Amino acid sequence: MSMEQLKSDVDEFAALLEQAQSARVKGVLTTGKAEVEREIVNLEMKARLAAERQASGSSEAKRYLHELTDYGWDQSAKFVKLFITLNGVQGCSEEAVTVNYTETSLQLHVCDLSGKDFGLTVNNLLHAIDVDKSYRKIKTDMVAIYLKKAEEGVNWDVLTSIQKRLKQKQDTELTKDTDNPESALVNMMKKMYNDGDSKTKQMIAKAWTESQEKSRMGKEFGGAGGLDTLGDL
């Protein structure tokens with residue numbers, strides 16, 4: 001898809017967000033807008049790399065950008081810290097590992113690590129950061145990014161505003177059926193399933209299957225419905 005079409009999609013998402021009333025619809029539109037914005041950032045990064053190679057007259061083989069999605073994060077009173085594992089990154093020059101910051105986003109680029117380029121983009125940070133005081137460090141098999149909180153002492157319960165909306169949506173689903181304990185339990189198990197790793201999902205699915213079998217063998221009770229759709233979550 002062209003850059004012009006992607007930018008047009010972002011504008012359309014923004015227009016729809018202004019008209020949306022439902023929190024659920026707003027959440028869906030915000031997620032979609034963020035995904036398109038990430039595509040734009042990745043295209044811009046690839047275009048910049050291509051221009052740099054052309055300008056330098058490099059005869060090296062074309063390197064593809066590998067998008068990173070896994071990272072850990074922590075925080076202190078002053079900083080939010082991201083940890084990105086990259087084997088051998090300590091062998092890269094300082095110039096080959098760059099991070100571009102805005103008040104609500106970051107973009108990591110690692111150039112020519114074992115013949116590959118790597119990129120990580122995080123948009124829609126939960127709170128604003130101080131761009132001038134944010135920095136990164138190259139460690140053994142790791143890049144550590146230190147985002148300076150614009151407002152020190154504020155706790156970030158999640159990293160991005162999109163994650164915040166999704167968490168609020170899940171919490172709402174858990175509490176909306178408080179008058180039906182069985183339904184609330186089903187919702188809680190669904191949340192555990194969605195948030196869990198593959199082993200946790202297997203354990204929950206097994207427990208639910210066994211409980212359903214016992215239920216069919218014993219007395220029937222109405223209203224149980226929910227976790228047989230775990231595989232579709």
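Rings of Phe, Tyr and Trp (its six-membered ring) pair if their centres lie within 6.5 Å; planes under 30 degrees apart count as stacked, those over 60 as edge-to-face, and the rest as tilted.

## Basis of the model

This is a predicted model, in which local features need pLDDT of at least 70 and side-chain atom pairs count only at pLDDT 80 or more, while totals for chains, interfaces and linings use all residues. Residues are numbered from 1 along each chain as its sequence is written, and side-chain values use heavy atoms, with hydrogens and water left out.

## Aromatic cluster

Phe79, Tyr135 and Tyr146 form one aromatic cluster. A search of the whole structure gives 3 aromatic pairs. One of them joins Phe79 and Tyr135 in an edge-to-face arrangement, with 5.8 Å from centre to centre and 80° between the planes. This pair links distant parts of the chain: Phe79 is in strand 3 (residues 79–85) and Tyr135 in strand 7 (residues 129–139), 56 residues apart. Strands (E, at least two residues) and helices (H or I, at least four) are DSSP runs, numbered from the N terminus.

Phe79 counts as buried at 18% relative accessibility, and Tyr135 as partly exposed at 32%. Buried means under 20% relative accessible area, exposed means over 50%, and partly exposed lies in between (1.4 Å probe, protein chains only). Phe79 also forms an edge-to-face pair with Tyr146, at 6.4 Å centre to centre and 85° between the planes. This pair too links distant parts of the chain, since Tyr146 is in strand 8 (residues 142–149), 67 residues from Phe79 in strand 3. Both Phe79 and Tyr146 are buried.

An open sheet is formed by 4 strands in the order 1-6-5-4, with mixed pairing. Strand 1 (65–67) and strand 4 (97–102) stand at the edges; each has a single partner strand, so one side of each is left without a neighbour in the sheet. From one strand to the next, the twist averages 20°. Two strands pair if DSSP finds at least two bridges between them.

Strand 5 (residues 105–113) and strand 6 (residues 116–122) pair in the antiparallel sense over 6 bridges. Val110 has Phe118 as its bridge partner in strand 6. Asp117 is also placed in strand 6, and it is buried, with a relative accessible area of 0%. A polar atom of the Asp117 side chain lies 2.7 Å from the backbone nitrogen of Asp112.

## Salt bridges

The structure holds 4 salt bridges, a salt bridge being a side-chain nitrogen of Lys or Arg within 4 Å of a carboxyl oxygen of Asp or Glu. One of them joins the side chains of Lys33 and Glu37 (2.7 Å, N to O). Both residues lie in helix 2 (residues 23–56), where Lys33 and Glu37 are 4 residues apart, about one turn of the helix.

Another salt bridge joins the side chains of Glu152 and Lys148 (2.8 Å, N to O). Glu152 is partly exposed, with a relative accessible area of 45%, whereas Lys148 counts as buried at 9% relative accessibility. Asp157 forms a salt bridge with Lys164, and the closest N and O atoms are 2.7 Å apart. Asp157 is partly exposed, with a relative accessible area of 37%, and Lys164 counts as partly exposed at 27% relative accessibility.

Note on methods
Axes fitted to C-alpha atoms, helices over the stretch in contact; angles between N-to-C directions. Polar contact = N/O pair within 3.5 Å; in protein donor to acceptor, adjacent residues only side chain to side chain.
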